[in-house]
Amino acid sequence: MKKLIPVLLVIFSVQVVKAQMVSVENLQTYVFKLASDDFAGRGTGEKGENKAARYIARELKKLKLRPKGTKKYYQDFSFDLKLMNPENPHGPMIDKGKVNGKNIVAMVDNAAQYTVVIGAHYDHLGLGELGGSREANPQGKIHHGADDNASGVAAMLELARILQTNNQIEWHNYLFIFFSGEEEGLQGSKYWTDNPTIDLQNVDYMINMDMVGRMDSITRNLVIHGVGTSPNLGSLLNIANKNNLSLVFDSSGVGPSDFTSFYRKEIPVIGFFTGQHADYHKASDTPDKINYQGEKEVVQFVLNMVNQLDTMPKLTFQKTVEKQSGRSHFKVTMGIMPDYTFSGNGIRVDGVSDGKPAANAGVKAGDIIIRMGEMDIANMGDYMKCLESLEKGDKRMVQIQRGEETIEVEVTF
Ligand SMILES: [Zn+2]
């Protein structure tokens with residue numbers, strides 16, 4: 001009998017290791033499916049989104065997760081959709097009426113006292129009629145949303161599979177919430193945090209994954225939001241960084257994704273993001289452009305972190321300094337997506353919106369803005385200050401570094 005024990009141990013540990021492997025093939029399958037034409041851009045409340053919801057619920061059932069919505073896996077909600085008037089962006093919003101969203105909620109139940117919430121939104125911009133598109137003529141184009149946010153959903157399904165079968169991580173329950181209505185202003189996460197299907201008091205912390213499919217394989221940057229929402233979170237994350245990713249910390253608990261709703265309920269949040277790109281909110285955000293190997297590293301990072309936090313006491317919440325939401329005091333827009341992970345001098349342009357001042361002046365993705373009019377632009381703060389000072393119709397010479405060259409273009413705001 002004694003001699004048998006080491007043999008059994010070997011078999012057992014091999015199984016555990018196998019269960020923990022993140023599968024690139026699974027990530028690919030999920031992203032290609034969710035971002036396919038079949039799901040028509042997953043616009044909130046539309047047929048395509050409902051189809052995606054059924055697909056996700058079926059996968060959760062296969063993985064044997066416990067339904068934790070109000071109707072099995074689903075939690076229905078509705079909200080009034082108000083869109084900006086493109087003719088008069090600072091005027092009153094256009095009321096588009098009621099939209100029906102649907103969160104999907106499922107649990108890895110370890111009968112533990114505390115629960116970790118893992119979230120990602122699965123909705124996207126549909127055929128461009130819901131607002132938020134960066135296409136010049138969005139109507140009728142399928143906005144595939146492979147990175148935004150089929151990548152986050154794929155990461156969640158893979159985490160669900162591993163956490164469900166992993167018997168090492170068992171001091172917490174894991175609640176998976178696939179949010180709807182994110183693109184219309186974090187509607188699904190707002191609704192769930194106001195109408196939670198478990199007791200919020202027992203939520204240890206919230207993990208959010210929004211756009212985790214475009215890791216740059218050279219810089220290996222991974223942006224993490226909310227690092228200031230609990231003391232020592234930064235050093236804990238550095239310990240979990242076993243594969244030496246280049247972590248870019250953002251301390252704020254408020255940002256452009258669903259983690260904000262949990263921060264508002266005083267829950268520590270950790271939001272993952274692999275960075276902006278030129279296909280952001282365009283029809284060209286397609287599955288072939290995803291870095292699946294990079295996404296696998298993100299999922300592995302989350303697993304390391306979850307593993308590490310599993311045996312630790314509940315995280316303490318801490319308020320963070322809130323960045324000014326900005327937008328309201330700008331009278332003009334430049335129409336670029338800045339690269340928030342860029343640490344050099346200037347503002348690196350990750351993408352430009354068609355038909356907006358930057359695009360009209362010939363600014364391209366990859367350009368680095370170093371001067372606008374009389375102002376040197378060293379960082380985001382300088383850039384914001386400059387934009388604040390501008391009126392509609394103003395013209396400024398903008399100095400740009402493009403590769404080896406420094407060029408100047410005239411931008412009309
Ligand atoms: Zn988005």
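Which residues touch the most other members of the largest nonpolar core?

## Cores

In this predicted model, Ile-56, Ile-118, Phe-176, Phe-178, Phe-272, Phe-301 and Met-305 touch the most other members of that core, which has 66 residues. A nonpolar core is a set of buried Ala, Val, Leu, Ile, Met, Phe, Trp, Tyr and Cys residues joined through side-chain atoms within 4.5 Å; buried means under 20% relative accessible area with a 1.4 Å probe, protein chains only. Helix H4 (residues 146-165) gives the most to the core, eleven residues. Helices are DSSP runs of H or I with at least four residues, strands are E runs of at least two, and both are numbered from the N terminus.

Val-332, Ile-369, Tyr-383 and Ile-400 are among the 21 residues of a second, separate core.

## Helix H6 and Met-305

Helix H6 spans residues 233-240, and its Leu-233, Gly-234, Leu-236, Leu-237 and Ala-240 are buried. Beyond four places in sequence, Met-305 is in contact with Leu-237 and Ala-240, and also with Tyr-205, Ile-207, Ile-270 and Phe-272. Contact means heavy atoms within 4.5 Å.

## Domains

Domain 1 covers 22-310 and domain 2 covers 327-412, with bounds from an automatic or database domain assignment. Eleven residues of domain 1 are in contact with eleven of domain 2. Asp-354 forms a salt bridge with Lys-282, the closest N and O atoms being 3.5 Å apart; the term requires a side-chain nitrogen of Lys or Arg within 4 Å of a carboxyl oxygen of Asp or Glu.

## Basis

Residues are numbered from 1 along each chain as its sequence is written, and side-chain values use heavy atoms, leaving out hydrogens and water. In this predicted model, local features need pLDDT of at least 70 and side-chain atom pairs count only at pLDDT 80 or more, while totals for chains, interfaces and linings use all residues.

Technical notes:
Buried means under 20% relative accessible area, exposed over 50%, partly exposed in between (1.4 Å probe, protein chains only).
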